[in-house]
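Hi there,

Here is the structure I promised to pass on to you. Have a look at it first, and then read my notes below.

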Amino acid sequence: MRTALLLTLLVLSIALGARAVEPQRVDQSAISAARPPQLLSAYHFFEDAAGRDPTPGVTPYDLNTPLYSDGALKFRYLYLPPGQQAAYRADGVFEFPVGAVLIKSFAFAADMRTPGYAVRLLETRLLIRRAEGWSALAYVWNEAQSEARLSPIGATIPTRFIDEAGAEVALDWLVPNRNQCAGCHARAGAVQPIGPTARNLNRDMRTVARYEDQVSHWQRIGLITGAPAAAEIPVAPNAYDPESGTLDARARTYLDVNCAHCHNPEGPANTSGLDLRWNASPAITWGVRKRPVAAGRGSAGMEFAIEPGHPERSILVHRMESTDPGVMMPELGRQLVDERAVALMREWIAEMDESGAPRAR
């Protein structure tokens, strides 16, 4: 009798121990809930309270050229429901299944010259693929960095840090409300992701056993289907890295990532007549000798969005280097000037011939 009891207790102990170390799983009911959870932790996307250690099934990823957001650090993750895959597209964002979640956390290090130390998370944004379309949610992190709470009306977070040039920066980080999320992510009236395209995802990454390109890795582990051989996958350069592509390719990529989500024929800024997608043509569609639809402070009396050879007379540069809310572009998502991007645009326009093509050297 005593032996049987001891065996029962041993089996129970082993079972409880196994349950204690069993990996936490993402909560599907939280993702599909008609009323989203108030706390980010309810989804179980992360194993740690600080939101940096993803749960099994939540995959970190990175982009060749990210959207500029005042230089903030960004931590990106993808979740797909068990057994589901995204469909590869050579152009545009992949087709994600219902239940997919794109997770992006924004943060600053106390000193951005050492971005791995003293990192403070500000917000985590979710794009959840529902049957009726994508839903955008923003969760704001508390001071203790132990939880993030849903904030559908947005928020303002006082933020201080030292930037990469060593200057002290103080700004009020603006968490977008639902309407502002739709303002950037709208395409043909519906919310759509911006970053996860084949071109922008196609980058080398280190896996457990090898280096491989990120898109091929996603296909190998079953996240996507339909991807071609690695050599056939298009690749975008890092807009800030002269070694990653030509000046023309880097400039067009920057505009594609930072501006084309609004400036395209189906975007919220389609009335401007500008199409800033990387493959738009002819050159007038992306601004070369294109006059503004409506003159005003935004044009500063200049004639063209881009005047080849003259960045100082190009509206595009003027609006990128402004912080005036009535002039600056993009209108949302930044308060600071992306100095590296302005330098890139100046060099690019200065090197253009009259057709908008790079000058022969």
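A quick definition to begin: helices (H or I, at least four residues) and strands (E, at least two) are DSSP runs, numbered from the N terminus. This is a predicted model, where local features need pLDDT of at least 70, side-chain atom pairs count only at pLDDT 80 or more, and totals for chains, interfaces and linings use all residues. Residues are numbered from 1 along each chain as its sequence is written, and side-chain values use heavy atoms, with hydrogens and water left out.

Let's start with the sheet. Six strands form an open sheet in the order S1-S2-S4-S5-S6-S7, with antiparallel pairing; two strands pair if DSSP finds at least two bridges between them. Strand S1 (58-61) and strand S7 (148-150) are at the edges and have a single partner strand each, so one side of each lacks a neighbour in the sheet. Within this sheet, S5 (residues 119-130) and S6 (residues 133-141) pair over eight bridges, and Thr124 has Tyr139 in S6 as its bridge partner.

Now for some backbone details. Most residues other than glycine have a negative phi, and most peptide bonds are trans. Ala118, in the loop between strand S4 (101-109) and S5, has a positive phi near 50 degrees. Asp70 also has a positive phi, about 55 degrees, and sits in the loop between S1 and strand S2 (73-79). Are these residues buried or exposed? Asp70 is buried at 4% relative accessible area, while Ala118 is exposed at 58% (buried means under 20%, exposed over 50%, partly exposed in between, with a 1.4 Å probe and protein chains only).

Finally, look for the cis peptide bond between Ser281 and Pro282, with omega about -5 degrees.

Happy exploring!
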